[in-house]
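Subject: Structure for your files

Hello,

Here is the structure you will be working with.

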Amino acid sequence: MKREHETENTALILEGRKAVLEALNHDKPIDRILLRRDGDKPIEGTLRLIAAKARERRLVVQEVDRAKLDSASETGHHQGVIALCPAVPYVTVDDILNIARQRNEPPFIIILDGVTDPHNLGAVLRSAEAGGVHGVIIPKRRAVGLTGTVAKTSAGAINHMAVARVSNISRTLDELKKAGLWITCADPLGKSLYETDLSGPVALVLGAEGEGISRLVAEKADFSVSIPMLGRISSLNVSVAGGILVYEVVRTRLKAAQ
C-alpha cells in the first residue's frame with residue numbers, strides 16, 4: 001500500500017511507457033514502479049513487459065488505479081506507468097565493507113529495520129556521515145528509500161554516505177556475521193550501551209518508529225544495547241537514538257586507539 005505523499009517525496013519521477021522501459025533496459029536505479037490496474041483485467045502489452053522486466057530485477061511493483069497515477073503524475077501523460085527513482089544510486093553491502101577496508105578500519109554499519117519516515121532516515125544519514133559510519137543498510141519493502149525529503153533532511157550527507165538496499169535484512173545479518181561483524185540491536189531491555197564494548201567491527205540495528213526491531217531480526221543479534229532513560233519518557237526518536245549510539249561507538253573507538 002502506497003504511503004501518503006510518497007511520490008511527492010521521490011527525487012525523480014519517470015513517466016510513460018518508453019521512459020520507464022528505457023530505464024529498465026539500462027539498469028537505472030529505481031525504487032518502485034506504479035502500474036495502472038483496471039479492475040480484474042490482466043495487464044497487457046507494454047505494461048506487462050515492464051512488469052516482467054521490473055520483477056526480473058526484483059524491483060517493487062505496485063498495481064494502482066488510474067486516480068493514484070494521475071495524482072502522482074507531474075506531466076499528466078503517464079500512460080499507465082510511473083517509476084520512482086532514488087535521489088542517489090544505491091550501493092551493495094560488499095561496497096560498504098570495501099569502504100571500511102580502504103580506510104583500514106573495522107567495519108561500522110547502521111541497519112534500519114523498517115524505518116518509514118524520510119525525515120528520520122535523513123537525520124540518521126547525517127549522524128552516520130558525521131560519525132564515520134561506513135554505510136547504512138535499508139530494506140526494499142515497508143521502508144522509505146532515498147527520496148528528495150531524505151536528501152534535504154540529511155543536509156548533504158546523502159551524497160557522502162553509502163546506502164545499500166536489500167531484499168532481506170535477516171539474510172544480510174548472516175552475511176555480515178560471516179564477514180566478522182558483531183550484530184548489535186538497540187533494545188530498551190538490552191545492556192546499557194555505556195557498559196558495552198563497541199570498539200570492534202559492528203553493525204548497529206535500529207528499529208522502526210513505534211514498532212521497534214522485528215522478531216526475526218532481533219533473534220540474529222549477538223547482543224542488544226539500551227540507552228538509559230532517566231526521565232518520564234520511555235523512548236527516543238529513532239534518529240536521536242541513532243545519533244547517541246553512533247557517537248558512543250566513536251567514543252569507544254577513540255578510547256581504544258589511545
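This is a predicted model: local features need pLDDT of at least 70, side-chain atom pairs count only at pLDDT 80 or more; totals for chains, interfaces and linings use all residues.

Residues are numbered from 1 along each chain as its sequence is written, and side-chain values use heavy atoms, with hydrogens and water left out.

Strand β9 (residues 202–207) is largely enclosed by the rest of the structure, because six of its six residues are buried (under 20% relative accessible area, 1.4 Å probe, protein chains only; exposed means over 50%). Val202, Leu204 and Leu206 lie on one side, and Ala203, Val205 and Gly207 on the other. Strands here are DSSP E runs of at least two residues, and helices are H or I runs of at least four, numbered from the N terminus.

β9 runs parallel to β5, with six bridges, and parallel to β8 (residues 182–192), with four; pairing requires at least two DSSP bridges. Ile111 is partnered with Val205 of β9, and Trp182 with Val202.

In helix α4 (residues 93–102), the buried residues are Val93, Ile96, Leu97 and Ala100. They are on the same side of α4 because they cover an arc of only 95° around the axis, taken from the directions from the helix axis to the C-beta atoms. Asp94, Arg101 and Gln102, on the other side, are exposed. Just after α4, Asn104 has a positive phi of about 55°.

Finally, Ile233 sits in the loop between β10 (223–226) and α9 (238–257), and is exposed, at 61% relative accessible area.

Regards
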